Amino acid sequence: MNIIFLGPPGAGKGTQAQRICAAMNIPQISTGDILRRAMKEGTETGLKAKSYIDAGQLVPDEVIIDIVKERLAMEDCRGGYILDGFPRTVPQAEALDTFAKIDSVIELAVDDQVLVNRLSGRRVCVKCGATYHLSMLNGATTCAACGEELIQRNDDKAETVLNRLKVYHDQTAPLIGYYEKKGLLRKVDGDQGVDSTFEAIMKALKA
Ligand code: ADP
Ligand code: ADP
Ligand code: ZN
């Protein structure tokens, strides 16, 4: 099954995509992770993306579309995939329609006040990318999965978070209507526990 996870920053797309992918044995394609890796490695794409990401803006459509097109052409995507963080604009969705057939779009809905708290408390592992929240770390500063250091993403700092929410409402939220019209949209309440949200997504995918 080819699935899109749509939702504002902090909605739990990464957390849930990881779990659903493990349960369905399909790859998670996170454009945020791909871009952060490119920045770390200092590739041309990474250099191009950095100023946009640090400012909480979207990187230009033409940069991200080619990356996703190439990724979806890889062997491991033949049995399905979850797109986590793509598409984020109508032109990206229109481009996707030319090279992929999407079966289901999960909209993870969470209110802005909750998102601000989730994003400011998010901590990620520098090595494996595992995601945590301060409230569940009990003072721990290293990754439970691999032992490496946990850091705050640059773009999760308070100044940038509000900008990212505005960008979501202006540029990404129109995709809700885009996929509703195609009959692909399934809305899931993302403001419940991680386990309940997982169950709700599984149910929506089977419906
Ligand atoms: P979050 O998980 O908080 O929603 P991501 O890790 O998906 O954030 O994305 C981080 C940043 O990477 C975005 O703010 C944006 O600058 C860039 N980015 C990721 N995916 C896309 C995309 N599809 N189009 C444009 N920019 C993107
Ligand atoms: P996204 O990929 O949509 O930006 P993440 O999966 O990275 O979102 O989650 C953002 C933050 O919220 C992380 O700190 C994560 O641990 C936390 N989080 C994720 N799901 C939930 C949930 N259902 N309830 C409370 N906190 C959550
Ligand atoms: Zn780790």
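The model is predicted: local features need pLDDT of at least 70, side-chain atom pairs count only at pLDDT 80 or more, and totals for chains, interfaces and linings use all residues. Residues are numbered from 1 along each chain as its sequence is written, chains are lettered from A and ligands numbered from 1 in the order in which they are written, and side-chain values use heavy atoms, with hydrogens and water left out.

**Figure 1. The five-stranded open sheet with the order 2-3-1-4-8 and parallel pairing.** Its edge strands, strand 2 (28–30) and strand 8, each pair on one side only. Strands and helices here are DSSP runs numbered from the N terminus (helices H or I, at least four residues; strands E, at least two), and two strands pair if DSSP finds at least two bridges between them. Neighbouring strands of the sheet are turned by 25 degrees against each other on average, direction ignored. Strand 1 is joined to strand 3 (residues 81–84) by four bridges and to strand 4 by four bridges, running parallel to it. Ile4 stands opposite Leu83 in strand 3 and opposite Val105 in strand 4. Strand 4 and strand 8 run parallel and are joined by five bridges; the bridge partner of Glu107 is Lys187 in strand 8. Strand 4 is largely enclosed by the rest of the structure, because five of its six residues are buried. Buried means under 20% relative accessible area, exposed over 50% and partly exposed in between (1.4 Å probe, protein chains only).

**Figure 2. Helix 9 (residues 174–181) and its buried residues Leu175, Ile176, Tyr178 and Tyr179.** These residues lie on the same side of helix 9 because they cover an arc of only 165 degrees around the axis; the arc is that of the directions from the helix axis to the C-beta atoms. The face turned away from this buried side carries the exposed residues Glu180 and Lys181. The cover over the buried residues includes strand 1 (2–6), helix 5 (90–99), strand 4 (104–109), helix 8 (158–172) and strand 8 (185–189). Helix 5 and helix 9 have axes that come within 9 Å and cross at roughly 35 degrees. Axes are lines fitted to C-alpha atoms, for helices over the stretch in contact, and angles run from 0 to 180 degrees between N-to-C directions. In this pair, Val90, Ala93, Glu94, Leu96 and Asp97 of helix 5 meet Pro174, Leu175, Tyr178 and Tyr179 of helix 9, where contact means heavy atoms within 4.5 Å. The contact residues divide into seven nonpolar, no polar and two charged. Ala, Val, Leu, Ile, Met, Phe, Trp, Tyr, Cys and Pro count as nonpolar, Asp, Glu, Lys and Arg as charged, and the others, Gly among them, as polar. After helix 9 comes Gly183, with a positive phi near 75 degrees.

**Figure 3. Packing of helix 2 (residues 31–41) with helix 4 (residues 61–72), and the surroundings of Leu72.** Thr31, Ile34 and Leu35 in helix 2 meet Ile64, Ile67 and Val68 in helix 4. This contact has five nonpolar residues, one polar and no charged. Leu72, also in helix 4, counts as buried at 12% relative accessibility. Not counting residues up to four places away in sequence, Leu72 touches Ile29, Cys77, Tyr81, Leu83, Leu96, Phe99 and Ala100. Leu72 and Ile29 are 43 residues apart along the chain, and their C-alpha atoms are separated by 8.6 Å.

Figure 4. Most residues other than glycine have a negative phi, and most peptide bonds are trans. The peptide bond from Phe86 to Pro87 is cis, with omega near -5 degrees. Asn25, in the loop between helix 1 (13–24) and strand 2, has a positive phi of about 55 degrees and is exposed, with a relative accessible area of 70%. Asn138, in the loop between helix 7 (134–137) and strand 7, has a positive phi of about 50 degrees and counts as exposed at 75% relative accessibility.
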